[in-house]
Amino acid sequence: MLIRVSALRKLSRRTQGLSDSLTAVNPVVPLLQFAPIASSAPCPSSSSVGHSQGSPAGLFGQFKFNWGAFGGGSPSAEHAHCSSINDTLNVNEAKAINAEDVSTASVANVVSAEVAVNDEGQDEAFKESLQGVFGVVDKFPSASEKSIVHLLIELGSLFPSSLAVLHFTRSSGKVELHGVHSHLKKLQTGFVGQVSAKSGLNIIKAMALLRYKPTDGMVEAVCGPIEKEVTTLEFSSLVDFVQAMAMLERSPGKALLDTICEIAVDTVQKSLKRNLKEPEEVVHLIDAFAAIGHVHEGFLNAAGDCLRDRIKVLPEESLAKTLKGFARLNFYHEQFLDDIVQECIARQPKSFTPSQLATILHSLSELRHDEIMSEIFVDVSAQCAVRRIDNFSAGEVADLIWAYTRLFRYHSDVKMLDTLTRSLVGKVHQLKGSPDQLVNLVEAVTDSDLGACPEQTKSILSSVEDMTCADIANMSPANIARMLLAFSKARHYSGRLFSGGLKVLADAENHLESQEIVRVLHSCGAMVHAPEGNSLDEWVSKILANEKQLTTSQVSRIVWSLAILDSLEPETFERLCERLGDGSVVQVPDIKRLVLAEMLLDIKCQSKGVASPRIPEPMRSYMVPAWRERVYLSHSISSFQQEVGRLLMKLSIPFELEKLIEEGDCRIDFDLTTKDHAKIAIECDGPRRFSANSPFKPLGDTIASRRILEGRGWNLLSISKHDWCNLSSMGAKEVHLRKMLRKVL
């Protein structure tokens, strides 16, 4: 039997009476005042609730609370879950209230009960019940250390689940709670450690509600009772506990989490001791583990198998949340992913909200689930998104483009990508404060074929550059490393972005993984931007300390980048080359980088009069011929070269076009033939040899080519196509060429 409105009034009065007994009756200054606001997602069972008009203003002004989103406003899976597991508070359970539980007949239970709210009297009952929230919070200033524990228990018990707390905090907006936090600092771990597991869970929920970050000692104390009684708790309570810890952004410890996972495995597989009422509880547990970053293969496999059997009854939001959890934990469950993709295709993309669709596609791409069904779903979803592109936020479009380009890297629809990208130009500013999506967007622009629309691409990259530079101090080292690499791949150079990012990374050197250092070095080499200070030496030292973990590709990127930055030492080159093996599985880009690094190091050593190391045999015997074959086959004559060649003939200057030199190590555009047999070369440098944005800085490969030719005794004349195209006529181009030739002839 469900609680009726009359019962709600009694429960509210009882809640108020219990809270009054916890502290001395003294005049207190209320800490919060709730002001009603309109629900952003109203539904028949929602109402805007506020503090009574007679309540005095709080220390922190008005605390706006959208009850519609908490008690049934949003038509999301989270709301459906909250309603389904919390809307049947039995009267017998209400009678079982004891002093320790303080108030299990909570305000949140009342709000989510199956009581219609169309009647004015019932609306008043809801408002009257909410006074318990104000009554608890207002007592913190006068509470003793022990009473604060009871107040936290009471406050946490007002919410039936951590999910309810999450809805509450999302609806309440940003509120200054330092006044409450100062009182929470009075808490003693001894008092907290004496409560029961259920009360401990309520304390954690209350801390999450108040956005309080407990100390390590407090986390250990409050988790102690739960750890002692973990085997007696219901599965839903365990889910609440992990969710609450995720909201606090704290981990209760690997041992306790592993125990919870083992219980969860037993629950979802056998259902012997605990009855799994809702499969969505498994979804919420996956989501919470993802937030904490705890990977337990046994649980994730069991959860995937469990949800496969119930996949047709899962709401769209749960499908999206599950995929996101697996992606964040980087756990690949092939059968579950296959089933979830087929289910998404069966439901059709139009049945998902833009947010859900973007989450699903992003997660599939993160997990690299590039099976044929995934490609079909991504393709159909992108077409669906194009038709309703105005409904997608900038972040959702960014996730969609990133997912599409990762799964369709070699056969993407350029016209579709163009439409999606155009939609971002006017609203890319919405991504401010979202570093993950900013990085994904730049990576998508880099990986996709958007060359047909260079102006809109430049506009997006410039906007991302501005937002990143403004917030770079708050970005994680991993995201900074990804952002620098993405910009270097896009050939979009920003001195302030690289300088600011490298400064933050230098301060966070101990937090950089070897893989992130390789990304940073490669970015610096590609854009020829050397880090300041001792950062480079410190990064190289850290790489050498973990050299056994390096792959062949990483070794090639490191030595190439250091050579471009003129910081490669013979000892470093020899030591890193030892990680290459026999060279039989080295890819062509890696061969190019290794051979160029050897040639650059050879020139550096010759200038110092010391012996230059070589790539060790038998690798060198394989790589050098492979490199020379590549140079030999890379034969093409551009219209730019043709124009320069015609002018050289007009000036009666003999030349050889596309000449192989230095035993086939290099190819030059023009080898000028002179009487004294001087080594004079002209290079027609096209736009891809420079940054894509002004001032068109020469890239790493361009610098390497110039340095190798000059180091081997060539007088080099480099003609930039940017400069060449800015000359208005052939006459002006002839004058420009004559001036350049006077330097060497």
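**Figure 1. The whole chain at a glance.** A residue counts as buried when its relative accessible area is under 20%. By that cut-off, 55% of the 745 residues of the protein chain are buried in this predicted model. The chain holds 37 helices and six strands. Its accessible surface comes to about 32700 Å², and carbon and sulfur atoms account for 49% of that area. The close-ups below visit some of the details one by one.

**Figure 2. Phe-289 and Phe-299, an edge-to-face pair.** A pair of aromatic rings is described by two values, the distance of the centres and the angle of the planes. The count of aromatic pairs in this model comes to six. In the pair shown here, the ring centres of Phe-289 and Phe-299 are 5.4 Å apart and the planes meet at 70°, so the pair is edge-to-face. Phe-289 belongs to helix H16 (residues 279–292) and Phe-299 to helix H17 (residues 297–309), so the pair ties together parts that are 10 residues apart in sequence. Both Phe-289 and Phe-299 are buried.

**Figure 3. A cluster of three phenylalanines.** Here Phe-326, Phe-331 and Phe-336 come together in one aromatic cluster. Within it, Phe-326 and Phe-331 make a tilted pair, with 5.8 Å from centre to centre and 40° between the planes. Phe-326 counts as buried because its relative accessibility is 1%. Phe-331 is buried too, with a relative accessible area of 9%.

**Figure 4. A lysine over a tyrosine ring.** This view brings together Lys-697 and Tyr-493. The charged end of Lys-697 sits over the ring of Tyr-493, at 4.2 Å from the ring centre.

Figure 5. Pro-618 is found in the loop between helix H32 (588–608) and helix H33 (619–633). Now turn to Ser-694 and Pro-695, where the peptide bond is also cis and omega is about 10°. Pro-695 has its place in the loop between strand S5 (680–685) and helix H35 (700–711).

Figure 6. Glu-658 is not a glycine, yet its phi is positive, at about 50°. This residue lies in strand S3 (residues 655–661). With a relative accessible area of 9%, Glu-658 is buried. Glu-662 is another residue other than glycine with a positive phi, near 55°. Its place is in the loop between S3 and strand S4 (666–672). A relative accessible area of 24% makes Glu-662 partly exposed, whereas Glu-658 is buried.

Figure 7. Ile-372, Met-373, Ile-376 and Val-380 make a nonpolar surface patch of about 310 Å². One of these residues, Met-373, is located in helix H21 (residues 372–387). Met-373 is partly exposed, with a relative accessible area of 32%.

Methods: Residues are numbered from 1 along each chain as its sequence is written. This is a predicted model: local features need pLDDT of at least 70, side-chain atom pairs count only at pLDDT 80 or more; totals for chains, interfaces and linings use all residues. Side-chain values use heavy atoms; hydrogens and water are left out. Helices (H or I, at least four residues) and strands (E, at least two) are DSSP runs, numbered from the N terminus. Buried means under 20% relative accessible area, exposed over 50%, partly exposed in between (1.4 Å probe, protein chains only). Patches are made of residues with over 30% relative accessible area and no salt bridge: like charges are joined within 9 Å, nonpolar side chains (Val, Leu, Ile, Met, Phe, Trp, Tyr) within 5 Å. Accessible areas come from the Shrake-Rupley method with a 1.4 Å probe; for residues, only the protein chains shown count as cover. A salt bridge is a side-chain nitrogen of Lys or Arg within 4 Å of a carboxyl oxygen of Asp or Glu. Rings of Phe, Tyr and Trp (its six-membered ring) pair if their centres lie within 6.5 Å; planes under 30 degrees apart count as stacked, over 60 as edge-to-face and the rest as tilted. A charge sits over a ring if NZ of Lys or CZ of Arg is within 6 Å of the ring centre and within 35 degrees of the ring normal.
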